[in-house]
Amino acid sequence: MRAERPKLQTQFADLKRGLSEVTDSEWENLPEVGNLTGKKRKKDLRERTYAVPDSIIAADRDRGALESTLDEKQQLHGGFVTPADGTLTNLVEIGQARDNLLSLKLDQISDSVAGSSSTIDPKGYLTDLNSVVLKSEAEIGDIKRARMLFDSLVKSNPKHAPGWIAAAAVEEHAGRIVAARKTIKMGCEHCPKSEDVWLEAARLHNNDDAKVILANAVQHVSQSVKIWLTAADLEHELKAKKRVLRKALEHIPNSVILWKKTISLETEPADALILLSRAVEVLPHSVELWLALARLETPERAKKVLNKARRAVPTSHEIWIAASRLVEQGAGPAEGEGAKPKAEREKELELVDVTMEMGVKELRKHQVMLTRDQWLNEAEKCEAEGSLRTCEAIIKATVAMDIEEEDRESTWVDDVESALGRGRIGTARAILSYALRVFPDKRSLWRRAADLEKTHGTRESLEAILAQAVKYCPQAEVLWLMAAKEKWVAGDVGGARDILEQAFVANPESEQIWLAAVKLEAENGEYAVARELLARARKVADTERIWMKSAVFERQQGQLQQALTTINAGLAKYPSFAKLHMMKGQVLTEAGDISAARAAYAAGVKACPKSVPLWVLASRLEEKDNKAIKARALLEKARLLNPKDETLWAESVYVEERNGGTAQAKAVLARGLQECPKSGLLYSISIWYEPRPARKARAVDALKKTQDDPRVICAVARVFWADGSIEKARQWFGRATTANGDNGDIWGWWWRFEKEQGTKEHQDAVLAKCVAAEPHHGPVWQSVAKDTSNAGRSIAQILELVAISLK
């Protein structure tokens, strides 16, 4: 058969194979298919012409002509008067009737009082417009298909409640609310045991009809809590709500939700108490109801209630926590009216710990094992609700659970940090207290506890912690110093002396304690005692820092010769201590002996070639003596010995600026940035060598290169200040001090800014932050703070002087 009638594909197979031999030029020369079909027969229609009919010509001729004759009807009836059943049409009366009708309609919608405002509710009108759903043909088709699908579903399975609900939802979506109600009514008839169908029917009807529907529903599904609650919500009067809920409790007495809802509607505590008493009889395993009943009872009766609850629900930790809180509450307030004696109150509060410890043991006995994190969360909840002693009791009983012995300290420190991060100070304090009882000799824990009390506690609590700390860690110098400082700050100089005397006994060779004692006496005007302490310290401790402080003390007292003698004695023992060489040069400079000062600096840089401040002081001495060339030479030598040091490059830039001009300073700065490409100090200087329009771009580049160096951030704040962007400048100053609060120069710039641009509130805020930060570094800050004329000045006074000195 295929041989007689082959397929077209087979007939043209050889021609297809021949297509592989067709060249590109032959393909391009193939004519288009459309040009071969009827090419000779068809012509362009635009080139053809047609004869115009006579009717078109005649109509065009008569288009502008005027009729000058009357037809037979017009001649018979008198011209243009047209008969209509013997009456004439009066167009004027028709116009007046139309005006009257429009006026009537306008009067109906006009305000009868004002006469100008419409009685149409604009909000309701817009709501009606929004409710009009314009459906596309596709949506209408989808609705029809869905309707057919669900119709088929409910017909094939009329007992399937979700099908009736979906069918009603389709009709509701289509805007046919009557059909939706009809559908859901049939669903209620076919599925009377489905609470969802009844609830959907109630939703689709108005309030009154919904009440009737739910009344029928409870006859079929009287055990449905949702239906009873919905029926109660439909009632607007409180008495009616109570009636519905009490009826519900008759059918479902074991529903905690219904009991809680019923009790919440009671306005009188006595009525609520009666209901709760009945509720715990019906539902003895409901912890919530027991706790609610205990809260409403008196303290004595509440104890009995909680004991019954504990026996009824021995696996509930909430009951034990509530019992502990009840004991804490019974101890009364620590201070104020009604406060008990401290000893009696502490004895009662010990029962909180006993109760919580007993509770944890009982829970373990009944195989109730809460995790450690869950107990910590419960402790934080107690703190949030004001039960600090219960919080502490939970920590004592559970914080050591599930921890390896070697991991206890690190785990507890992490717990403290987490609690502080969430603002739970009481929880953190309780964990630290427990950790210190386990590790009483850990300095780091005592230091952390002292910092916590300093930040969040009172002066009394801090002194108590420090007193315990130095008792358990007598070798911890920092704890002694903190305790003495707190006494001193509080104005108790005698107490500070006593603490330092005890510290001397425990640490006779402690440099820090000796210097703290000297500072205490010097700050209080006891200079002779301070001098004697320094002499004893040089014999007992004999450290290079004590020699330096001795020289500083004599220098501050104006005894330059004695200071020089002390420095020489110190250098004899510690020839490589750079600060003594610096002080010697400074003392000689103050005495006016430049050549001796030069020799002192020369000896210093020879003994301490890596001391950058010593090189800078030597350079400044030469510059002060009008020998800028020698100052440059010293700095170049210093840079060779200390490569990639930003301070030396910055000093070189300042020397060129003061003596050679801006161009030379920029050249040195460029060399410095090549050697120190990430220097925040040099980049902060470079911003001010740019023209004003280019400073912001330079600042952005500097922030990227230095990874947000605080000095660059301060420079950005100054740029905003110069441009008049006051708020932005204030924000950037804040960022700079947050990044490095120890740099006093940044605080000085911010203080100067607020003095010129800020209000009294802004100034007070900056001053308070600076005093709290206690800055110690910064070129200008150090030069002002260490000036002998500023000895004994407060941080606020130094800040004012720094702000004036900054350039």
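A: In the contact, where heavy atoms lie within 4.5 Å, Glu 477, Leu 481 and Trp 488 of helix α27 meet Gln 512, Ile 513, Ala 516, Lys 519, Leu 520 and Glu 523 of helix α29. These residues divide into 5 nonpolar, 1 polar and 3 charged, where Ala, Val, Leu, Ile, Met, Phe, Trp, Tyr, Cys and Pro count as nonpolar, Asp, Glu, Lys and Arg as charged, and the others, Gly among them, as polar. This is a predicted model, in which local features need pLDDT of at least 70 and side-chain atom pairs count only at pLDDT 80 or more, while totals for chains, interfaces and linings use all residues. Residues are numbered from 1 along each chain as its sequence is written, and side-chain values use heavy atoms, with hydrogens and water left out.

As for the geometry, α27 covers residues 477–489 and α29 covers residues 511–523, helices being DSSP runs (H or I, at least four residues) numbered from the N terminus. The two pack at an angle of about 10 degrees, with their axes 10 Å apart; the axes are lines fitted to C-alpha atoms over the stretch in contact, and angles run from 0 to 180 degrees between N-to-C directions. α27 is therefore roughly parallel to α29, a term that applies to angles under 35 degrees. The crossing of α27 past α29 is right-handed, meaning that the near helix is turned clockwise from the far one by less than a right angle.

Methods. Parallel < 35°, antiparallel > 145°, perpendicular 65-115°, else oblique.
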